[in-house]
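Subject: Handing over a structure, with notes

Dear colleague,

I am passing the structure below on to you, and I would be grateful if you could read the notes that follow with the sequence and the model side by side.

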Amino acid sequence: MFVSPAYAQAAGGAGGAFTSFVPLILIFAIMYFLLIRPQQKKVKEHAAMVEAVRKGDQIVTQGGIVAKVSKVMAEGSNEVEVEIASGVKVRIIKGTIAQVMNKTEPAK
C-alpha cells in the first residue's frame with residue numbers, strides 16, 4: 001500500500017539533467033540544418049537576384065505576370081518599372097519579383 005519515495009531520487013544527479021536535454025539539442029540541430037539554414041540560403045539568393053535585375057530582363061512577378069524590365073529606379077529605391085504589354089508600363093516593388101527568366105548582357 002505504501003510506496004517508498006526513494007524511487008524518484010534514483011534518477012537524479014548532475015548527469016541526469018544533462019542527458020535529459022540532449023534530445024532537445026539534437027532536435028534543434030536537425031531543425032536548423034533541414035529547415036532554417038536552407039531557407040536563409042534561399043532568401044539570400046533571391047535578394048541577390050533582385051539586386052541584379054537590369055533593363056531588358058524578362059521577369060515573372062509573384063502574381064504570375066510576365067513582364068520586361070523597362071527601367072530600374074534610383075539606387076535607394078526598391079521599385080522597378082516593367083512593361084506588361086505593348087505600351088503598358090507599371091511600377092512594381094523589387095521584392096515581388098519571383099523569377100528572372102531571360103537575363104540581358106550588361107552594357108560595355
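Two strands are said to pair if DSSP finds at least two bridges between them, and the helices (H or I, at least four residues) and strands (E, at least two) are themselves DSSP runs, numbered from the N terminus. Please keep in mind that this is a predicted model, in which local features need pLDDT of at least 70 and side-chain atom pairs count only at pLDDT 80 or more, whereas totals for chains, interfaces and linings use all residues. Residues are numbered from 1 along each chain as its sequence is written, and side-chain values use heavy atoms, with hydrogens and water left out.

Confidence and overall layout

The mean pLDDT of the chain (the predictor's confidence in each residue, from 0 to 100) is 86, and 83% of the residues reach 70 or more. Among the elements, strand E4 has the highest mean, 96, while helix H1 (residues 6-9) has the lowest, 54. Where pLDDT is low, the predicted coordinates should not be read in detail.

The chain holds two helices and five strands, and from the N terminus on these follow one another as α-α-β-β-β-β-β. Of the 108 residues, 17% count as buried, where buried means under 20% relative accessible area, exposed over 50%, and partly exposed in between (1.4 Å probe, protein chains only). If one takes the contacts (heavy atoms within 4.5 Å) with a separation of 6 or more, 41% of them come from residues 24 or more positions apart.

The sheet

The five strands form an open sheet in the order E4-E3-E2-E1-E5, with antiparallel pairing. E4 and E5 are the edge strands, each of which pairs on one side only, and the twist from one strand to the next averages 45 degrees, with axes taken as lines fitted to C-alpha atoms (for helices over the stretch in contact) and angles running from 0 to 180 degrees between N-to-C directions.

Strand E2 (residues 66-72) is joined to E3 by four bridges, the two running antiparallel; Val69 stands opposite Val82 in E3, and the two strands form a hairpin with six residues between them. E3 and E4 pair over six bridges, again in the antiparallel sense, and here Ala85 has Val88 in E4 as its bridge partner. This second hairpin has two residues between its strands, and Gly87 in the turn has a positive phi of about 85 degrees.

Charged residues

How many salt bridges does the count come to? With a salt bridge taken as a side-chain nitrogen of Lys or Arg within 4 Å of a carboxyl oxygen of Asp or Glu, the count is two.

One of them joins the side chains of Asp57 and Lys103, at 3.5 Å from N to O. Asp57 lies in the loop between helix H2 (14-51) and strand E1 (58-61) and Lys103 in the segment after strand E5 (97-102), so the pair ties together parts that are 46 residues apart in sequence. Asp57 is buried, at 0% relative accessibility, whereas Lys103 is partly exposed at 44%.

In the other, the side chains of Arg91 and Glu79 meet at 3.1 Å, N to O. Because Arg91 lies in strand E4 (residues 88-93) and Glu79 in strand E3, this pair ties together parts that are 12 residues apart in sequence. Arg91 is exposed, with a relative accessible area of 55%.

Two further charged residues deserve a look, with Lys and Arg counted as positive, Asp and Glu as negative, and His and the chain ends not counted. Glu81, in strand E3 (residues 79-85), is buried yet has no salt bridge, the nearest side chain of opposite charge being that of Lys89, 4.3 Å away. Leaving aside residues up to four places away in sequence, the residues that Glu81 touches include Lys68, Ser70, Lys89 and Arg91. Lys94, found in the loop between E4 and E5, is likewise buried without a salt bridge, and the nearest side chain of opposite charge, Glu51, is 4.2 Å away. Among the residues that Lys94 touches, with the neighbours up to four places away in sequence not counted, are Val50, Glu51, Val72 and Ser77.

Ser77 is in the loop between E2 and E3 and is partly exposed, at 24% relative accessibility. Although Ser77 and Lys94 are 17 residues apart in sequence, their C-alpha atoms are 9.1 Å apart in space.

With best regards
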